[in-house]
Amino acid sequence: MIEVKYFGAVAEKTQCSFENVVSSNISLQDLLQDLEEKYQFESLSFSVAVNQKIVSKTTDYALKTSDIVALLPPFAGG
Amino acid sequence: MLPEIGETGQYKLLKSKVLIIGAGGLGAAILPYLAAAGVGEIGIVDDDVVELSNLQRQVIYKNSSVGKYKVEEAKSMVTALNSDVKVNAVAEKLSGKNAIALFENYDIIVDATDNLQIKYLINDACLITNKPMVYGSIFRFQGQVSVFNYQNGPTYRCLYPDENSSSVNCTDAGVIGISVGIIGMLQANEVIKMILETGEVLSGKILVYNVLNNEQQKYDFEKNDSFVMDRNIFKGKYSQKENRVEEISAEAVLNQIDNEEVLFLDVRNEDELPKITFRNSIQIPLMNLEGEIEKLDSNQTIYVFCQSGMRSKIAVELLQKMDFKNLKSVEGGALALKELLTKEIKI
């Protein structure tokens, strides 16, 4: 199981702060594509972290089943 | 006295110069603590005046501050608190024109703004002047804190390379003052740690804090060297695109009356004549605009008009600050429109 955490405006789209995705041998890019189809993030941009580290290239990144993925959009309030 | 600070630490504080961009919720939290700690010189940049709706989170202002420049009110608060602090109140909007010259006079730059585009400007000016940028921002009950460009460390662009993304600010999203206060406090803490050279600075890490469940996480990110910034690039990037107000002539407006993609926003008061309504129009008096902003969609094309074309320019500037993108101010306002409409009917 891969845990996906959502923050800020992204969590507002998903209407939850995390969820578990059951899958084996999925790449980070595939996971993001699945989430995009499910939630239609559209113009929302965000950075992606795996196990508390921001991933600069999400292509060719293989996920392990115990990984925790986080979607972090920029905030603008102050 | 804390042994970690001592007399040497106090001297370091006295010798330090900190620039705070934004005298809103974050700035109001950061400023009194830096002043009370004895930071020798503090600059504050903000061109806004205090509004009643600010008081729930911008706690350094009073009822009597309403209508006055934030930086002036902030300065008198600091002087009353610690008269040893030199305060520079800059009642200007930060722009490509003033950023570099301002930043050069300080050691640490604090981002207390509520606008994504300005964060890129601050980041880039920090890169050029080689100053650390203490970042903080809020989305409803969550906040982010980080320190960019600290000893050549990663920058805001390494974390968020996409400059064209959007996010709502506090006025749009709604926020409780305490969330902003907590994040501002964490920023002030980073400032003090850098000055005292103690602890671990949040460089290459972003802290995400959720005030609803008190969860916090740190995420690491690395420096991306592919982005280059120098004075020439900076100049080219920021010199021409200062928030200019685009205008549209009354004649051109008449061709768009039936365009369903365009919303006409009348910012006059309800009793002003002549009354002008189009199929797709709405009236929100200028003074209510900020409070009733939820009636508008920031992605829609909006033509703003008033009686003669002055207030509509102010309204466009206000909306631009709130990340509205497709705005035009109608030249000559309702009077020019009325004149053309009357002619048209005669024909």
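A residue is called buried if 20 or more other C-beta atoms lie within 10 Å of its own, exposed if 12 or fewer, and partly exposed in between, with C-beta atoms placed from the backbone. All the views below come from a predicted model, in which local features need pLDDT of at least 70, side-chain atom pairs count only at pLDDT 80 or more, and totals for chains, interfaces and linings use all residues. Residues are numbered from 1 along each chain as its sequence is written, while chains are lettered from A and ligands numbered from 1 in the order in which they are written.

**View 1. B:Thr8 in helix H1 of chain B.** B:Thr8 counts as exposed because it has 9 C-beta neighbours inside 10 Å. The helix around B:Thr8 spans residues 6-15; helices (H or I, at least four residues) and strands (E, at least two) are DSSP runs, numbered from the N terminus. Look also for B:Leu196: its C-alpha atom is 8.8 Å from that of B:Thr8, although 188 residues separate the two along the chain.

**View 2. Chain B as a whole.** Chain B holds twelve helices and 13 strands. Its C-alpha atoms fill a box of roughly 85 × 50 × 40 Å along the principal axes. Of the 347 residues, 41% count as buried. Among contacts (C-beta atoms, placed from the backbone, within 7 Å) between residues at least 6 apart in sequence, 68% join residues at least 24 apart.

View 3. One bridge joins A:Val50 to A:Val69 in S5. S3 also pairs with S4 (residues 53-54), again antiparallel, over two bridges, and A:Ala49 has A:Ile54 as its bridge partner in S4. Two residues lie between the strands of the S3 and S4 hairpin, where A:Asn51 takes a positive phi near 50°.

**View 4. Where chain A touches chain B.** The contact takes 19 residues from chain A and 36 residues from chain B. On the chain A side, helix H1 (8-14), S3, S4 and S5 each supply at least two residues. By class, that side has ten nonpolar, eight polar and one charged residues (Ala, Val, Leu, Ile, Met, Phe, Trp, Tyr, Cys and Pro count as nonpolar, Asp, Glu, Lys and Arg as charged, and the others, Gly among them, as polar).

How values were computed: Pairing = 2+ DSSP bridges. Contact = placed C-beta atoms within 7 Å.
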